[in-house]
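Here's a set of exercises to work through with the model open beside you. Try each task before you read its solution.

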Amino acid sequence: MTGATRAEVAIEVSGASHSFSQGTRALAVLSEVSLSVRSGEMVSLLGPSGCGKSTLLNIVGGVLTPDAGSVLLDGHPLHGIMPHKISFVFQEHALFPWNTVFENLMVALEFQGVPAAERADRATVALDAVRMSEFRAFYPAQLSGGMKQRVALARGLSLETDILLMDEPFAALDEQTRMVFGEDLSVLLAKTGKTIVLVTHSLSEAVFLSDRIFVMTARPGKIKAVVDVPKEHPRTPDFVSSAQFGAIRGELYELLHDEIRASVESAQHVPKRDDG
Amino acid sequence: MAKSDRLRTRLVQAGFFVTLLAAWSIESALRLINPILFPRIENVATQFVNVMTSPATLGDVWTTMSTFGAAYGIAIIAGISVGYVVSTSRLFTKTYEPVLAAFYTVPLLIFFPTFILFFGTGVKSKIALGCLAAFFPIALNTIAGFTSVDRNLRTAAISFGASRIQMLRRVLLPGAFPIILTGLRIAFIPCFASVLAGEIIASDSGLGHEISQNAQMMETARMFAYVFLVIIIAALFNLGLSTWETRRGRTLV
């Protein structure tokens, strides 16, 4: 892997538990989750909706402090956010609607503390990488869903962090846009050598993009299984039609089926939160 | 299609005003109502020219508008500051938003005698009344604006390392701006009306004072000239604010 010279384990989560208060009682969303992600590896957190996968991602990113358990980054304990180490690509893009595409990247770089002189160059390079340069003066509202998500990806890339956390970046896209975006992402991320954690509820996306897939149980989320995808990056569309792809996807379906059913049935009793 | 619709709407609106003026002209010619109570249109027109060319008018306009400006300005600063502080915590919002909303329903003119006792019949009592009238809608809209900023955008800004000041400048203010601007527009009328009401009730200068004085001296034509001047000022100000509001809204959505 590209990150062989860096610390072997980039992210180490041990015994992370978390619950949200719901009225007077606590709703447990994560229960003693432990996982480790190697440097330069691309992993997916896959599970039924409400299984706490976004919560887990927020804990890894330092946006949320778990009730119990710890997170180590390169062997050091994580305290709060580390904008120089970790960047996010959010569900529904989270672009600032009052800023143009270019300004959105510039503002994020300003927040991260990048010197003013470097910001424009880095924003330009990142927009080139996702082929959105000609839309730099557009406002997010003027772009399609796929374009917005590409800009959100460029924003994450421009921050030049070792770790990139992606929270359902495909959720708002239609299926055809997803496929193309997935291919682009595979090519782009293979080049950068970043450590990537992707939250998704799509089996195909998880298989197509990941080196390893952490399958989670229904709420409260635990790691049910870890599935390897032994296939080098970048991956091409013919991987999708291969027997290997089908077999792994089938294995995931087996693992998830009961969990999804459990999650759907419990959702009828517990009001849904959008924390994933 | 849309363009011809808009033209038609404008024509109907213009027609309405022309009809009103025509009815008034007919009434004036036929002398249906005692002209001491309701002046004839041509006398009002003459008086309007007199008022507009009189050097004293500038002083009256200055008195009223500077009083209004001070009241509106203080209310904007106080309203946005209080609104921001209240919006910073969910507990504050839950506690104080209903209190501010309750005050907003009080007809604040009832406090004017108190202000006269405190500040006298000069401009200060009108500034206090106008400021009070504008404060509540501005503070309430500021709270609504800040709390409506998408939580995902805040989380994004925090994850990129935004400081408190950067969060305010780059995320909260631009996100809340359209709603705050609506608050400023809503606050304009009660503020301006309170200043004028204060001048009409007790004062020694300003447009409200002229309206009140001329009414008492049965100079109704001249009184109406001032009334029209006030209407024109209010309409222009409102037009400016709503143009700004729609232009902001259009670039964002």
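**Exercise 1. Find where A:H79 sits in chain A, and decide whether A:H79 is buried or exposed.**

Start with the secondary structure: A:H79 is in the loop that runs between β5 (76-77) and β6 (86-89) of chain A. Helices (H or I, at least four residues) and strands (E, at least two) are DSSP runs, numbered from the N terminus. Next, count neighbours: A:H79 has 9 C-beta neighbours inside 10 Å, so A:H79 counts as exposed. The cut-offs are 20 or more other C-beta atoms within 10 Å for buried, 12 or fewer for exposed, and partly exposed in between, with C-beta atoms placed from the backbone. Last, take a distance: A:H79 and A:Q142 are 63 residues apart along the chain, and 38 Å separate their C-alpha atoms.

Before you go on, some housekeeping. Residues are numbered from 1 along each chain as its sequence is written, and chains are lettered from A and ligands numbered from 1 in the order in which they are written. This is a predicted model, where local features need pLDDT of at least 70 and side-chain atom pairs count only at pLDDT 80 or more, while totals for chains, interfaces and linings use all residues.

**Exercise 2. Work out which domains chain A has and how many residues of each are in contact.**

Step one is the bounds, which come from an automatic or database domain assignment. Domain 1 of chain A covers 2-85 + 161-267, and domain 2 covers 99-143 + 151-158. Step two is spacing: their centres, taken over C-alpha atoms, are 25 Å apart. Step three is the contact itself, with six residues of domain 1 of chain A touching seven residues of domain 2 of chain A. Here, contact means C-beta atoms, placed from the backbone, within 7 Å.

**Exercise 3. Describe the contact of chain A with chain B: how many residues does each give?**

Chain A gives 19 residues and chain B gives 17 residues. On the chain A side, helix α2 (residues 101-112) supplies the largest share, four residues. Sorted by type, that side has 15 nonpolar residues, three polar and one charged. For the sorting, Ala, Val, Leu, Ile, Met, Phe, Trp, Tyr, Cys and Pro count as nonpolar, Asp, Glu, Lys and Arg as charged, and the others, Gly among them, as polar. As for scores, the model has ipTM 0.82 and pTM 0.77.

**Exercise 4. Which residues touch the most other members of the largest nonpolar core?**

A nonpolar core is a set of buried Ala, Val, Leu, Ile, Met, Phe, Trp, Tyr and Cys residues joined through C-beta atoms within 7 Å. The largest one has 128 residues, and B:A75, B:A134 and B:C191 touch the most other members. Helix α6 (residues 123-148) of chain B brings the largest share, 15 residues. Now zoom in on B:A75: leaving aside neighbours within four places in sequence, its contacts are B:C131, B:A134, B:F135, B:I138, B:A187 and B:C191.

Terms used
Contact = placed C-beta atoms within 7 Å.
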